[in-house]
Amino acid sequence: MLSIHCPTHKSEVLLTERRIRSLRNTEHGIVMDVECYCGTHVTIRTGRKRYASEPAPSRDPVLAS
Ligand SMILES: [Zn+2]
């Protein structure tokens with residue numbers, strides 16, 4: 001279940017995952033296109049930035065002597 005703000009309902013609407021129309025992973029985060037029960041499409045941006053754009057944590061594999 002996910003909660004969106006529908007401009008047609010003018011309120012928060014609780015939708016099931018079945019209402020998700022598309023899910024895109026962009027450099028600005030996850031962009032989700034959801035269709036409300038009333039037919040209104042709402043675009044939600046969620047999640048963090050892609051991990052791929054962040055440098056991997058550096059780790060020393062061997063202890064320095
Ligand atoms: Zn609605």
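**Entry 1: β3 and β4**

I looked up the pairing of β3 with β4 and found that the two strands run antiparallel and are joined by 6 bridges. The model I am reading is a predicted one. The two strands form a hairpin, and 2 residues lie between them. As an example of a bridge in this pair, I noted that Asn25 has Ile30 of β4 as its partner.

I then turned to Ser22, which lies in strand β3. The C-alpha atoms of Ser22 and Asp33 are 5.1 Å apart, although 11 residues separate the two in sequence. Is Ser22 buried or exposed? I counted 11 other C-beta atoms within 10 Å of Ser22, so this residue is exposed; the cut-off for that class is 12 or fewer.

**Entry 2: β4 and β5**

Next I followed β4 to its other partner. β4 (29–35) and β5 (41–46) pair in the antiparallel sense, over 6 bridges. I recorded two of the bridges: Ile30 is partnered with Thr46 in β5, and Glu35 is partnered with His41 in β5.

**Entry 3**

In what order do the strands of the open sheet stand? I read the order as β3-β4-β5, a sheet of 3 strands with antiparallel pairing. β3 (20–26) and β5 are the edge strands, since each of them pairs on one side only. From one strand to the next, the twist averages 15°. As a reminder to myself, strands of a sheet pair through backbone hydrogen bonds, and the pairing may be parallel or antiparallel.

**Entry 4: Thr40**

I looked up Thr40 and located it in the loop between β4 and β5. Which residues does Thr40 touch, leaving aside those up to four places away in sequence? I found Cys6, Pro7 and Thr8. Thr8 is 32 residues from Thr40 along the chain, yet their C-alpha atoms are separated by 6.9 Å.

I also checked the exposure of Thr40. There are 14 C-beta neighbours inside 10 Å, so Thr40 counts as partly exposed. The reasoning is that a residue is exposed at 12 or fewer and buried at 20 or more, and partly exposed in between.

**Entry 5: β1, β2 and Lys10**

β1 (2–6) and β2 (residues 11–15) run antiparallel and are joined by 5 bridges. Within this pair, Leu2 stands opposite Leu15 in β2. The two strands form a hairpin with 4 residues between them.

Most residues other than glycine have a negative phi. Lys10 is found in the loop between β1 and β2. With 8 other C-beta atoms within 10 Å, Lys10 is exposed.

**Entry 6: the whole chain**

How many helices and strands does the chain have? I recorded 0 helices and 5 strands, and the elements run β-β-β-β-β from the N terminus on. The chain has 65 residues, of which 2% count as buried. Among the contacts with a separation of 6 or more, 27% are between residues 24 or more positions apart.

Finally, I checked the confidence. The pLDDT averages 84 over the chain, and 74% of the residues score at least 70. I found the highest confidence in strand β2, at 97, and the lowest in β5, at a mean of 91. Where pLDDT is low, the predicted coordinates should not be read in detail.

Technical notes
Residues numbered from 1 in each chain as written. Predicted model: local features only at pLDDT ≥ 70, side-chain atom pairs only at ≥ 80, totals over all residues. Contact = placed C-beta atoms within 7 Å. pLDDT = per-residue confidence, 0-100. Axes fitted to C-alpha atoms, helices over the stretch in contact; angles between N-to-C directions.
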